[in-house]
Amino acid sequence: MIAHADTIPKQRHPLIAFILRWLLTTNHKEIGTLYLCLAFLLFFIGGAMAMVVRLELFQPGLQFTQPDFYNQMVTLHGLIMVFGAVMPAFVGLANWLVPLMIGAPDMALPRLNNFSFWILPFAFILLLSSMFMEGGAPNFGWTFYAPLSTTYGPPSTDYFILGVHLMGVSSVLGAINVMVTILNMRAPGMTLFRMPLFVWTWLITAFLLIMAMPVLAGAVTMMLTDRHFGTSFFEAAGGGDPVLFQHVFWFFGHPEVYIMILPGFGIASQIIPTFARKKLFGYHSMVYATVAIALLSFIVWGHHMFTSGMPLAAELFFMYATMLIAVPTGVKVFNWVATLWRGSITFETPMLFALGFVIMFTIGGFSGLMLALVPADFQYHDTFFVVAHFHYVLYPGAIFGTMAAVYYWLPKWSGRMYDERLGKIHFWTATIAVNLTFFPMHFSGLAGMPRRVVDYSIAFADFNIVSSIGAGLLGLTQILFLYIIVKALTSGEKVTDAQVWEGAEGLEWTLPSPAPLHSFHTPPEIEPDEAHAATDKA
Amino acid sequence: MGETPRYYVPHTSVWPIVGSVALFVLAYGLATMIHQSTDKVAAEGTHGVWIFWTGIAVVAFMLFGWFGTVIRESVAGMNSGLMDRSYRMGMQWFIVSEIMFFAAFFGALFYARVISVPWLAGAGNNLETHTFLWPDFADTWPLFMTPGGTETEAMAAWGLPFINTVILVTSSVTVTFAHWALKKAQRIALGIWLAITVLLGCAFLLLQVIEYAEAYEELGLTLGSGIYGSTFFLLTGFHGAHVTMGTIMLAVMLFRVFSGHFTPKNHFAFEATSWYWHFVDVVWLFLFTFVYWF
């Protein structure tokens, strides 16, 4: 059992008690819920900004926004989706699931866990308040290249810089917590190679966060001193180089890309075996492939800068290193498909999202391969082709992954089942909308439509109309998703069985539904099952 | 349910939310202060500086309260060996993240020395850049004259910086002696070695201040003197900030030794501080080698 130091007196007004509970909690499930709610809120805010962008791009010419405001929307949309929606959603899932999956009573450092969460809302208040400042919000794109962000950035850039610092502190502390939890808190018998893949992918994600986020802190610090204290890091007249900014940024930025996808890989690897009613094919190769992807992510940053000016040898190096990533990624996709092979597959909503993830993420992976080719990239760089590519890996990757996870584990979290029919409608409308929105961008990009520009040639008008209609539909599916969640939580069918899904494996399914606030007071016994006994020997 | 607690999980804590609000106040105050005190934005008023220091004060208060709570729990024997390991791993990974923070600035230094400065002087296929932008610019390191024409002198390695190297390496040794004394329960030796370490830390910081004064007043080496000054001050400055932090941590440890804390078996805070101190020392060795010496 656990010793508790209960510091809240019981006789408070219910509202105050409610607020204090969420402000002061150290419970991994409550903090996980907070993370997921914040991520969902920011997902709507970032999504509303995307709606502004797509509305403006519905037709050529200026309709609704001025160019500067359009640039602010593009910038904030990117920043909020990356740092506010995808990352907190994954940390929320880690909070909920990692202790359950490894049989731990809570996260290793519960107070630190509360700290990492509550820094975030303040960081986003700082970032969003920049919209109401003189000179407007940051308008230089989410990658904030120098000198756009140094010499030419609006005054609010400094609040943005400090906001990024806060997000960085939050991410690093959160990652340290996940890392220590996985390394130190596993139940006896839960060896590293018996861990579920979601835990494995998060272990590696935590490593990437600890390695990459401090570099971003360094980059924004150099920006700050260049802006106000006369340093010349990104200023050629002082011996520095604006391209240096891109190197430092993308040294952070490329691992960041994998931070936003590896937990999604983990989720797919949990869900597909359940609904195929088979063991995951190639468990060990999945782990090694994830490690390989993570290590490679540190030596491929140059592929974001092929047109920025680099020696030919460096371009070739980054091209080959990038193409190498296709190998472990291919191993993963192969393993998912092999898991499906001859399975007794059923298509519940989580499975649909997981399969959509595998298929459409692979499309994004292939366009990534095209972008990795230096001579081809000279043509694609900074066009809508790039926008199509990373939205294919992020939307059906990170977002579908998160939604699959929410559908899959919601009955365990809340003890209530979502509406299966509405879930399927959600999946199919979202899938159609994603492809309507992002697929035409491949064509407009290949034809030469530049990204981040408010106006465009009439030649791209048809593609953009389709994209904008798709985006509107995609926006509506989020409201449907919200409705499904609220409906499930308030009036969903009660789940009484611990084993919610017939084929699901893992310690979380041994707990009652809903999972009690405190679980695994005493560590569970880990029974080595047959399949793992075989792999343990290997 | 009568078993011994396996892992102590505090039910609620007020310190994290205090810290989050404090960090927000600090960040908002810092940006406002910078706007009000530098000329790029030149905002009116002087309240930024007060907001900033309020944030710092509340962060200090939070750390005091948070660590105080943890120390009380530890003294009350609520921490299991498993929790001790959590703290240890947490500190180790925190130091890894700190290493990566310095790596960003070392990256900038190497980029400037190996790539941007030679390229501006026409190396590789950059002859036209050189010829049309700054034909008089010469590739030297330290960068005595920037392409824009700002001049500076270099900070010599074998004066104050070398003395500081000796001080910091010595302090790493003395903190280890203190640790050995702690493990043998020799409290007087522990106090003496730890006090010497704190004094060495202070001496380092004092010499660093003198060195900065010399740089600004005699060498013309400032934040504004091109990429050499930029990397010099950001690297040594952030290192100095870490030495300051480490010295404060060591002083707190000294205070706790006087209060009778720590046993030969249970002294995580002391060990974490000494790890941090060694980390700061190793960073300095890299600084001395690549910023001052070569």
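**Close-up views of a predicted model**

**View of the second largest cavity: its lining residues divide into 7 nonpolar, 1 polar and no charged.** The structure shown is a predicted model. The space inside the second largest cavity amounts to about 30 Å³.

**View of the largest cavity: a space of about 110 Å³.** Which residues line the largest cavity? The lining is made up of Tyr35(A), Phe83(A), Met87(A), Pro88(A), Val91(A), Leu120(A), Met167(A), Ser170(A), Ser171(A), Gly174(A), Ala175(A) and Leu209(A). Among the elements of chain A, α3 (67-102) and α5 (157-184) each contribute at least two residues to this lining. The largest share, 5 residues, belongs to α5(A). By class, the lining of the largest cavity has 9 nonpolar residues, 3 polar residues and no charged ones.

**View of the interface between chain B and chain A: 77 residues of chain A meet 68 residues of chain B.** The size of an interface is often given as the accessible area lost when the parts come together. For chain B and chain A, the buried area is about 6,500 Å², and carbon and sulfur atoms give 72% of it. How many residue pairs between chain B and chain A are in polar contact? The count is 19 residue pairs, with both residues at pLDDT 80 or more. On the side of chain B that touches chain A, the elements giving two or more residues are α1 (15-37), α2 (47-75), α3 (81-120) and α7 (226-258) of chain B. With 20 residues, α3(B) gives the most to this side. The side of chain B that touches chain A contains 43 nonpolar, 20 polar and 5 charged residues.

The rule finds 1 salt bridge across the interface of chain B and chain A.

**View of chain B: a chain of 8 helices and 0 strands.** Read from the N terminus, the elements of chain B follow the order α-α-α-α-α-α-α-α. The C-alpha trace of chain B spans about 80 × 45 × 35 Å along its principal axes.

**View of the cis peptide bond between Ala146(A) and Pro147(A): omega is about 5°.** Where in chain A does Pro147(A) lie? Pro147(A) is placed in the loop between α4 (110-129) and α5 of chain A.

**View of the cis peptide bond between Ser513(A) and Pro514(A): omega is about -5°.** In chain A, β2 (493-494) and α17 (530-537) are the elements on either side of the loop that holds Pro514(A).

**View of Arg452(A): a residue with a positive phi of about 60°.** Arg452(A) has this phi although it is not a glycine. The residue is located in the loop between α15 (420-446) and α16 (461-491) of chain A.

Note on methods
Residues numbered from 1 in each chain as written. Chains lettered and ligands numbered in written order. Predicted model: local features only at pLDDT ≥ 70, side-chain atom pairs only at ≥ 80, totals over all residues. Heavy atoms only, no water. 1 Å grid on protein atoms, 1.4 Å probe; cavity = no way out; pocket = protein on both sides within 12 Å on 5 of 7 lines; lining within 4 Å. Points joined across faces, edges and corners; volume = space filled by probe spheres on them. Helix = DSSP H or I, 4+ residues; strand = E, 2+ residues; numbered from the N terminus. Nonpolar A, V, L, I, M, F, W, Y, C, P; charged D, E, K, R; others polar. Contact = heavy atoms within 4.5 Å. Buried area = accessible area lost by both parts, 1.4 Å probe. Salt bridge = Lys/Arg side-chain N within 4 Å of Asp/Glu carboxyl O. Polar contact = N/O pair within 3.5 Å; in protein donor to acceptor, adjacent residues only side chain to side chain.
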